[in-house]
Amino acid sequence: MIPTQSQGPGPEAQYRAFLDEGRFMIQRSAATGQHVFYPRVAAPGSGAMDLEWVEASGRGTVYSITVNRARSGDYNIALVQLDEGPRLLTRIEGVETAPIGARVKARIAEVEGEKVVVFDLAEKGGAA
Amino acid sequence: MSNMSVRGRTAIVGVGGVGWGEAPGRSAIELLGEAAIAAVKDAGLELKDIDGLCAATSTHAFPTLSVAEYLGIRPTFFDGTNIGGSSFEMHLLQAALALEAGICNAVLICYGSNQRTAGGRLVSMSEPQWHEAPFKPRHPVTAYALAAQRHMHEYGTTREMLADIAVAARQWANKNPSAFARGPLTREDVLNARMISDPLTTRDCCLVTDGGAACVMVRADRAKDLKHKPAYVLGVGGAHSHRSITQMADLTRTVAAESGPRAFQMAGLKPSDCDLVMLYDAFTITTLLFLEDLGFCPKGEGGRFAQDGNIAPGGALAVNTSGGGLSCVHPGMYGLFLILEAVTQIRGQAGERQLDTCDVAICHGNGGVLSSQVTALLGSEAAL
């Protein structure tokens, strides 16, 4: 066995670099079309090394949500299921909470110097 | 492939517990050490007889190295598997396999934590999950709150049903002189307690206590000659599904639905054979989920099943007779404490909370954020 070289930034670093460019990108397996988040080196389950980057639609649904109650202030933590399939941990901005099933739209924000994906409630009757 | 070969081949013959509640001035390894010495003595053995060691804590990176050094033992078999609070149920299987293979003759499984005295908060050595960390989830309550919210949404489970689980645990604890939290607790007390993360209040969450626990396992043929009635290991099965709550396929279905059948198959038993049901109650929602996923009630019905005293003293199912993590003891990683209560009940030493019959006990451990599930079935000689 001769170990191969590993060149350039890995999937986590690539994801972060896209966010810094203002792009919310997720991976998709070329063979199956399965979307993947969080970014990996290989498709989970199949192990296929065929993951490509695609622009996320930004659309999703609140799968679950809780409000963390702290003396320093309350904030929500949500699991949003992207229309593409994967879920991410995030926050619904501008509201204390939202109903499970609410439609939401992603945008990139900055938290303590780090670019992250947060969500807003989708406009009623809008493009979401 | 048959997996009946380790059924009943090993038994727990010694148990020890120290500092359940508040143990100021004691470090984690000191509590672990005292519990270990107590368990070895309870087994009628000497420390030099211990040649197998399983350990996992939240404060030791190399747990078996630390414990073996502290106690002055040189094991031929050692396993520091850490999958969270269910590690100890998995250790039962590892120990059974090692004993059966003749790699060792007496295995010590042990744990200790001083997290209450040290800071009053759950301790973890874990790396942060980079894709979650900016949103400041609280480990682990955020994940369990998300699971509870989803279960309420899908199945109409209510906060009142969750509260009844805490009330039942307290009623058992009130029969247990070793329980840390005793005294009256009503449904309203639980509902009106301080909210931690919707929908879970402080009373929906396990205690944060100090505590050391240990047990000793030997092969069955030797067990009969030792001091106490042996608690035979009849079956163990495990599953793990994720690390991050973002990767849990369905927040209302844990892989206890996989670990349970594996354990029952090894033991040749089914849920209705269980006299005692010890379920890892880190939160009221976990008792509910495991009642469902282990087959004690249909999926979605856990809240309705646990209502109105059904799992309390005098109810249809004896669940968490020690008072559980919710009212007896919970020093961070709780899996070994479930096992100790089961052994105590099988031996007939549970005093006021003793079940009339305890031939089969299920000990179900949970780890991480519903991440790992390990089911163990222990039994008396009558269950062999």
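Between chain A and chain B of this predicted model, the count of salt bridges is two, a salt bridge being a side-chain nitrogen of Lys or Arg within 4 Å of a carboxyl oxygen of Asp or Glu. In one salt bridge, the side chains of A:Glu112 and B:Lys136 meet at 3.1 Å, N to O.

**Interface**
- Chain A contributes 30 residues and chain B 27 residues to the contact (heavy atoms within 4.5 Å).
- About 2,600 Å² is buried between chain A and chain B, with 56% of it on carbon and sulfur atoms; buried area is the accessible area (1.4 Å probe) that two parts lose on being put together, summed over both.
- A:Tyr63, A:Arg69 and A:Leu89 supply 24% of the area that chain A buries against chain B, more than any other three residues.

**Nonpolar cores**
- The largest nonpolar core has 138 residues, and B:Ile12 and B:Leu378 have the most contacts inside it; such a core is a set of buried Ala, Val, Leu, Ile, Met, Phe, Trp, Tyr and Cys residues joined through side-chain atoms within 4.5 Å, where buried means under 20% relative accessible area (1.4 Å probe, protein chains only).
- A second, separate core of 20 residues includes A:Phe24, A:Ile65, A:Ala102 and A:Val104.

**Conventions**
- Residues are numbered from 1 along each chain as its sequence is written, and chains are lettered from A and ligands numbered from 1 in the order in which they are written.
- Local features need pLDDT of at least 70, side-chain atom pairs count only at pLDDT 80 or more, and totals for chains, interfaces and linings use all residues, while side-chain values use heavy atoms, with hydrogens and water left out.

Definitions and conventions. Buried means under 20% relative accessible area, exposed over 50%, partly exposed in between (1.4 Å probe, protein chains only).
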